[in-house]
Amino acid sequence: SPDELLATQDEVIFRIRDNCALNEPQFRDLIYPVLRRYAAYVHLLPASETHHHCGPGGLLRHGLEVCAHAARMAEGQYVGGDLDQGHRLHYA
């Protein structure tokens, strides 16, 4: 199941959660369902045939690591920060 797959990735999911500007209920309601769908989609696929993350579940691990890195890079960044308030509300 997706939950069993994600249970093997606690450390990287913690890094994602730690770098999101969301509290625990928000993360559980907004982000975790996306991670579950991703886990269900990639299941036990490898990320590559013979290189990086080439074993079962490698694509899941790779995708979660990319997500954690993106969350860290986006920390403190705001979409539309250069826009006036009326246009920023469109992205909220």
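1. A residue counts as buried when its relative accessible area is under 20%. That cut-off is used throughout this note. The model is predicted. In helix H3, the buried residues are Phe27, Leu35, Ala39 and Val42.

2. Start with the overall layout. The protein has five helices and zero strands. Read from the N terminus, its elements run α-α-α-α-α. It has 92 residues, and 22% of them count as buried. The exposed surface comes to about 6600 Å², with carbon and sulfur atoms supplying 58% of it.

3. Contacts along the chain come next. Take the contacts with a separation of 6 or more: residues 24 or more positions apart account for 45% of them.

4. Helix H3 deserves a close look. It covers residues 24-42, which is 19 residues. From first C-alpha to last, H3 reaches 25 Å, close to the 27 Å expected at 1.5 Å a residue. Where does H3 bend? The bend is at Ile31 and amounts to about 40 degrees. A proline, Pro33, follows within four residues.

5. Both ends of H3 have something to check. After H3 comes His43, and its phi is positive, near 45 degrees.

6. Which helices do the buried residues of H3 pack against? The partners are helix H1 (2-7), helix H2 (10-19) and helix H4 (58-74).

7. Nonpolar side chains tend to be buried together in soluble globular proteins. Here the largest nonpolar core has 12 residues, among them Leu5, Ile13, Phe27, Leu35 and Leu64. H1, H2, H3 and H4 each supply at least two residues of this core. The largest share, four residues, comes from H3.

8. Neighbours within four places in sequence are set aside here. Leu64 is then in contact with Leu6, Gln9, Val12, Ile13, Ile16, Leu35 and Tyr38. Of these, Leu6, Val12, Ile13, Ile16 and Leu35 also belong to the largest nonpolar core.

9. Finally, Asn19, which lies in helix H2. Is Asn19 buried or exposed? Its relative accessible area is 16%, so Asn19 is buried. Leaving aside neighbours within four places in sequence, Asn19 is in contact with Ala68, Ala71, Arg72 and Glu75. One of these, Ala68, is part of the largest nonpolar core.

Conventions: Residues are numbered from 1 along each chain as its sequence is written. This is a predicted model: local features need pLDDT of at least 70, side-chain atom pairs count only at pLDDT 80 or more; totals for chains, interfaces and linings use all residues. Side-chain values use heavy atoms; hydrogens and water are left out. The expected span of a helix is 1.5 Å times one less than its number of residues. The bend at a residue is the angle between axes fitted to the seven residues ending there and the seven starting there. Buried means under 20% relative accessible area, exposed over 50%, partly exposed in between (1.4 Å probe, protein chains only). Contact means heavy atoms within 4.5 Å. A nonpolar core is a set of buried Ala, Val, Leu, Ile, Met, Phe, Trp, Tyr and Cys residues joined through side-chain atoms within 4.5 Å. Accessible areas come from the Shrake-Rupley method with a 1.4 Å probe; for residues, only the protein chains shown count as cover.
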